[in-house]
Amino acid sequence: MSDTNVNGQAAGPQLVLQKIYVKDASFEAPNAPQVFQEIGEGVDQPQVQLNLGHKATDLGEDVFEVVLSLTLTCSLGERTAYLAEVHQAGIFGVAGFADNDRDGILGSYCPNLLFPYARQMVSSMVQEGGFPPFLLQPINFDALYAEQQRRVSGGETQTLNS
C-alpha cells in the first residue's frame, strides 16, 4: 500500500512553501543629516534595540500566511539615528499535521524560514540609509516558541478551541 491518494498526491502530512514576499517595509532617519556628524564624532556609542514578532493567519483550506515583523531602532543618546521596520511574509500550505505540530510549524519553522529574507532587507535599508552596515545575529525561533508555550501553559488556564 502506498502513501498516495487517488489523485497521486501524498496522503501524509504536507508542508509547502507557496510564496515569500515583503508585506511592508519602512526606513526613517528622523535626525538626518545632523546624526551623521554625531556618528562621525563618536560622542555617544550607538544603542540598537530589536523588537520581534510574528503572526499566523488561517487563509482557509490548510493555507496560512505567516508574517515575521522586525523593528530595529538605533539611538545615539536620546536621539533616534534610524528606525528600520520589515514585515516579511510567506504563504504556507500546512496539511495533515496534529494541531500542536501545526502550531509549532507556524510558530517556529516558518518564522525561521522567513528570517534570512527579513535580515537582508533590514541590512540593505540601513546601508542605503547612509549608516554603517548592520547584520542581525541568528535567532533561535525554536527556543522563543518553546518559551511562549511555557508561559501559556504555566500561566492562567486557557481553553483552546480548534
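1. Let me start with the rings. Five aromatic pairs turn up when the whole structure is searched. This is a predicted model, so please read every value here as computed from predicted coordinates. Two of the pairs share Phe 131, and they are taken one by one below.

2. The pair of Phe 27 with Phe 131 is tilted, with 6.2 Å from centre to centre and 55° between the planes. It ties together distant parts of the chain: Phe 27 belongs to strand S1 (residues 14–28), while Phe 131 sits in the loop between helix H2 (99–128) and helix H3 (141–154), and 104 residues separate the two. Is Phe 27 buried or partly exposed? With a relative accessible area of 26%, Phe 27 is partly exposed, because buried would require a value under 20%. Phe 131, at 4% relative accessibility, does count as buried.

3. Tyr 82 is another ring partner of Phe 131, and this pair is tilted too: the centres are 4.8 Å apart and the planes make an angle of 50°. Here again distant parts of the chain are linked, with Tyr 82 in strand S4 (residues 79–95) and Phe 131 in the loop between H2 and H3, 49 residues apart. Tyr 82 counts as buried, at 4% relative accessibility.

4. Next, the overall layout. The protein chain has three helices and four strands, and along the sequence they follow the pattern β-α-β-β-β-α-α. Of the 162 residues in the protein chain, 28% are buried. What share of the contacts with a separation of 6 or more comes from residues 24 or more positions apart? The figure is 69%.

5. The helices H2 and H3 deserve a look as a pair. Their axes come within 9 Å and cross at roughly 145°, and the crossing is right-handed. On the H2 side, the contact is made by Asn 100, Asp 103, Gly 104, Gly 107, Ser 108, Pro 111, Asn 112 and Phe 115. On the H3 side, Phe 141, Asp 142 and Tyr 145 take part. By residue class, the contact of H2 with H3 divides into four nonpolar, five polar and two charged residues.

6. A word on cysteines. The structure holds zero disulfides. Cys 74 is buried at 6% relative accessibility, and Cys 110 is buried as well, with a relative accessible area of 0%.

7. For anyone checking backbone geometry, there is a cis peptide bond from Ala 32 to Pro 33, with omega near 5°. Pro 33 is placed in the loop between S1 and helix H1 (34–41).

8. Glu 61 is not a glycine, yet its phi is positive, at about 55°. Asp 62, also a residue other than glycine, has a positive phi near 60°. As for exposure, Glu 61 is exposed, with a relative accessible area of 80%, whereas Asp 62 counts as partly exposed at 42%.

9. Finally, a position in S2. Thr 57 is found in that strand and is partly exposed, at 29% relative accessibility. Leaving aside neighbours within four places in sequence, Thr 57 is in contact with Val 63, Phe 64 and Glu 65. Thr 57 and Leu 106 lie 49 residues apart in sequence, with 9.4 Å between them in space, C-alpha to C-alpha.

Conventions. Residues are numbered from 1 along each chain as its sequence is written. This is a predicted model: local features need pLDDT of at least 70, side-chain atom pairs count only at pLDDT 80 or more; totals for chains, interfaces and linings use all residues. Side-chain values use heavy atoms; hydrogens and water are left out. Rings of Phe, Tyr and Trp (its six-membered ring) pair if their centres lie within 6.5 Å; planes under 30 degrees apart count as stacked, over 60 as edge-to-face and the rest as tilted. Buried means under 20% relative accessible area, exposed over 50%, partly exposed in between (1.4 Å probe, protein chains only). Axes are lines fitted to C-alpha atoms, for helices over the stretch in contact, and angles run from 0 to 180 degrees between N-to-C directions. A crossing is left-handed if the near helix is turned anticlockwise from the far one by less than a right angle, and right-handed if clockwise. Contact means heavy atoms within 4.5 Å. Ala, Val, Leu, Ile, Met, Phe, Trp, Tyr, Cys and Pro count as nonpolar, Asp, Glu, Lys and Arg as charged, and the others, Gly among them, as polar. A disulfide is a pair of cysteine sulfur atoms within 2.5 Å.
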